[in-house]
Amino acid sequence: QVQLVESGGGLVQAGGSLRLSCAASGGTFGIYEMGWFRAAPGKKRDLVAYITLRDGSSYLEDFVRGRFGISRDVAKNTVYLQMNSLKPEDTAVYYCGARRLGTSFEDAYWGQGTQVTVSS
């Protein structure tokens with residue numbers, strides 16, 4: 001079993017920055033990708049970005065590209081989401097997910113989420 005713990009959320013003004021961290025522990029051998037998703041109030045959880053742990057290749061959704069960056073520290077089993085130029089519409093609970101090769105994020109391990117609130 002894999003445990004994921006997110007941290008780094010909080011309240012920030014529009015235009016500000018936050019860095020989220022997701023630390024993985026437990027049965028992390030074989031984890032292929034880790035990603036960040038978010039759920040705004042009353043909305044479903046949507047993909048924000050993901051990164052392949054083996055080679056660091058990454059993907060970011062259009063609505064965050066140029067503002068957010070995703071990175072990983074393999075030695076620490078930790079993935080980061082650097083969020084810059086934050087907008088009020090970025091307000092959401094941000095979740096970290098981890099999936100094994102051959103599975104989808106639908107079947108991923110999930111953290112408990114961290115709240116990000118951007119004030120205008």
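The following dialogue reads a predicted model of one protein chain, from its overall form to single residues.

Visitor: How many helices and strands does the chain have?

Guide: The chain contains 0 helices and 11 strands. Along the sequence the pattern reads β-β-β-β-β-β-β-β-β-β-β. The radius of gyration is 13 Å, close to the 14 Å that the globule rule gives for 120 residues, so the chain is as compact as a globular protein of that length.

Visitor: What does the C-alpha trace span along its principal axes, and what percentage of the residues is buried?

Guide: The trace spans about 40 × 25 × 25 Å along those axes. Buried residues account for 43% of the 120 residues. The accessible surface amounts to about 6,200 Å², and carbon and sulfur atoms contribute 50% of that area.

Visitor: Which share of the contacts joins residues at least 24 apart in sequence?

Guide: Of the contacts between residues at least 6 apart in sequence, 53% join residues at least 24 apart.

Visitor: How many positive and negative side chains are there, and how far apart are the centres of the two sets?

Guide: There are 13 positive and 11 negative side chains, with the centres of the two sets 3 Å apart.

Visitor: Where do the side chains of a regular strand point?

Guide: In a regular strand, side chains alternate between the two faces of the sheet. Strand E1, residues 2-7, has a covered face made of Val2, Leu4 and Glu6. The uncovered face of E1 holds Gln3, Val5 and Ser7.

Visitor: In which sense do E1 and E3 pair, and which residue of E3 is the bridge partner of Val5?

Guide: E1 and strand E3, residues 18-26, pair in the antiparallel sense over 6 bridges. Ala23 in E3 is the bridge partner of Val5.

Visitor: Ser21 is also found in E3. Is Ser21 buried or exposed, and which residues does Ser21 touch?

Guide: A residue is called buried when its relative accessible area is under 20%. Ser21 has a relative accessible area of 17%, and is therefore buried. Leaving out residues up to four places away in sequence, Ser21 touches Val5, Glu6 and Ser7, as well as Trp36, Thr78, Val79 and Tyr80. Val5, Glu6 and Ser7 belong to E1.

Visitor: Where does Ser85 lie, and what is its phi value?

Guide: Ser85 lies in the loop between E8 and strand E9, residues 92-100. Its phi is near 50 degrees, again a positive value in a residue other than glycine. Ser85 is partly exposed, at a relative accessible area of 41%.

Visitor: What is the place of Gly16, and which residues are in contact with Gly16?

Guide: Gly16 is in the loop between strand E2, residues 10-13, and E3. With neighbours within four places in sequence set aside, Gly16 is in contact with Met83, Asn84, Ser85 and Leu86. Gly16 counts as buried because its relative accessibility is 18%. The C-alpha atoms of Gly16 and Val118 are separated by 8.3 Å, although these residues are 102 residues apart along the chain.

Notes. Residues numbered from 1 in each chain as written. Predicted model: local features only at pLDDT ≥ 70, side-chain atom pairs only at ≥ 80, totals over all residues. Heavy atoms only, no water. Buried < 20%, exposed > 50% of the residue type's maximum accessible area, 1.4 Å probe, protein only. Helix = DSSP H or I, 4+ residues; strand = E, 2+ residues; numbered from the N terminus. Pairing = 2+ DSSP bridges. Rg over C-alpha atoms; globule rule 2.2 N^0.38 Å. Contact = heavy atoms within 4.5 Å. Areas by Shrake-Rupley, 256 points an atom, 1.4 Å probe, with all protein chains shown as cover. Lys, Arg positive; Asp, Glu negative; His and termini not counted. Charge placed at Lys NZ, Arg CZ, Asp CG, Glu CD.
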